[in-house]
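Reader: Hi! Could you walk me through this model? I'd like to start with one residue and then widen the view.

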Amino acid sequence: MGGWQFFLLVFNFTIGTAFFLRPGGMIAAAKQDAWLVPLWAGAAVLLVACLWLVLAKGNPGLSIVQICLKAAGNKIGGFIALLYISFFIQTASWVTRNLGDFMKSTLMPNTPISVFHFMFLIVACYASVKGVESIARVNELLSPAVVFMLVAICLFAMSEWKWERFEPMFRLNVWETMKETRAIIGFPFLEVITLTMLVPYVKSRVKTALLLGIGLATLFLSGIIFVTIGVLGVTRASHFTYPLFIIAQELRIAEFIERVETTIVIVWLVWIFVKLCITYHCTVTGICQLFRLSDRTWIAISLLLLVSGFAITFSENVVENIEWDRRYIFQYTSLYGVVFPILLIILTRIRRNRNKDGGGPL
């Protein structure tokens, strides 16, 4: 996998479900200045991503699961690796549940939610068996089309734009706003730690691809929130779970093309597909590396039932899902995105120093 393919994976993984789920909550918390929130959150996570790069540089050719085993030993490292695998499973389950909630609440209310789950999980299972190169190539093929469609919808929606909806600007209480919107650091940005499972497969420009992918996703998410405020206004946008879907639903092009929301649905389904496939593949790979298994097929098939079960039991409804996200997602993802990487960096350096001392003259 090349650096360009990894860059697209990072970008699509980060923007994946966030561009649909985050704008409403961010606007409700930060009002007309909500478009600034992804900028500071993304800048903070770019610094955190440097920690991941330091960890990867100290353990070249190893995934995060293999680094845990090498740095902390089989027992403690195995336990941390198992926690990372559970984190990947939880992320895959959450992505699957978000898909089911959206499809059931907006498009097909009479269809059982488990149907949507299995439709996508079966494809993700197949993609995982085929390997990361297949996922990267499909992602590379689909990326230009979905980005073009989303940008086109935003440009057509500018006919409803009003600058008055941003007034008064820059009146937010910085500390309170950061406290209220810290969840965006956890989801989607700190979830990118999942992609450290793919670093050993990247042949070149890992650092550039990772940082640019997060940076572009930050600007993209900020721009989507900016457009949402300008088109819908703070009051309307903050009361919708999926404000971008409402924009597409109300959009009229050339006075006779209406109800283009199916286009935005296609964009979101593609991005969900990419994020789910990556997370699913990383989970299967992590299990195989931890337990030293060579056949990934049966692991992938078994995981299908596990992820689907967790997705159904994750929350009762969309409101409960949003509340859990607001309260706990930052603390939860910080454990895997910040605390464990720092611990592993320290253990890696301790192990390296011991090896140097042990190999020196007596």
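Author: Happy to. Asp101 counts as buried, because its relative accessibility is 7% (buried means under 20% relative accessible area, exposed over 50%, partly exposed in between, with a 1.4 Å probe and protein chains only). A caution: this is a predicted model, where local features need pLDDT of at least 70, side-chain atom pairs count only at pLDDT 80 or more, and totals for chains, interfaces and linings use all residues. Residues are numbered from 1 along each chain as its sequence is written, and side-chain values use heavy atoms, with hydrogens and water left out.

Reader: Thanks! Where is Asp101, and what does Asp101 touch?

Author: Asp101 sits in helix H4 (helices are DSSP runs of H or I with at least four residues, strands are E runs of at least two, numbered from the N terminus). Leaving out residues up to four places away in sequence, Asp101 touches Ile113, Tyr242, Val318 and Asn321 (contact means heavy atoms within 4.5 Å).

Reader: And the largest nonpolar core, which residues touch the most other members?

Author: Those are Phe6, Phe19, Trp52, Leu150, Ile264 and Tyr280, in a core of 125 residues. Helix H4 (residues 64-107) gives this core its largest share, 19 residues. By nonpolar core I mean a set of buried Ala, Val, Leu, Ile, Met, Phe, Trp, Tyr and Cys residues joined through side-chain atoms within 4.5 Å.

Reader: Which residues is Tyr280 in contact with?

Author: Neighbours within four places in sequence aside, the contacts of Tyr280 include Leu121, Ala124, Cys125 and Ser128. Ala300, Leu303, Leu304 and Val307 are also among them.

Reader: Switching to backbone: which residues are joined by a cis peptide bond?

Author: Phe187 and Pro188, with omega about 15°. Pro188 belongs to helix H8 (residues 183-189). Most residues other than glycine have a negative phi, and most peptide bonds are trans.

Reader: What about Arg205, is that one buried or exposed?

Author: Arg205 is exposed, since its relative accessible area is 56%. Its phi is positive, near 55°, and Arg205 lies in the loop between H8 and helix H9 (206-232). Arg292 also has a positive phi, about 55°, in the loop between helix H12 (261-290) and helix H13 (297-313). At 63% relative accessibility, Arg292 counts as exposed.

Reader: Last one, the big picture: how many helices and strands are there in the protein?

Author: The protein has 14 helices and two strands. Buried residues make up 53% of its 362 residues.
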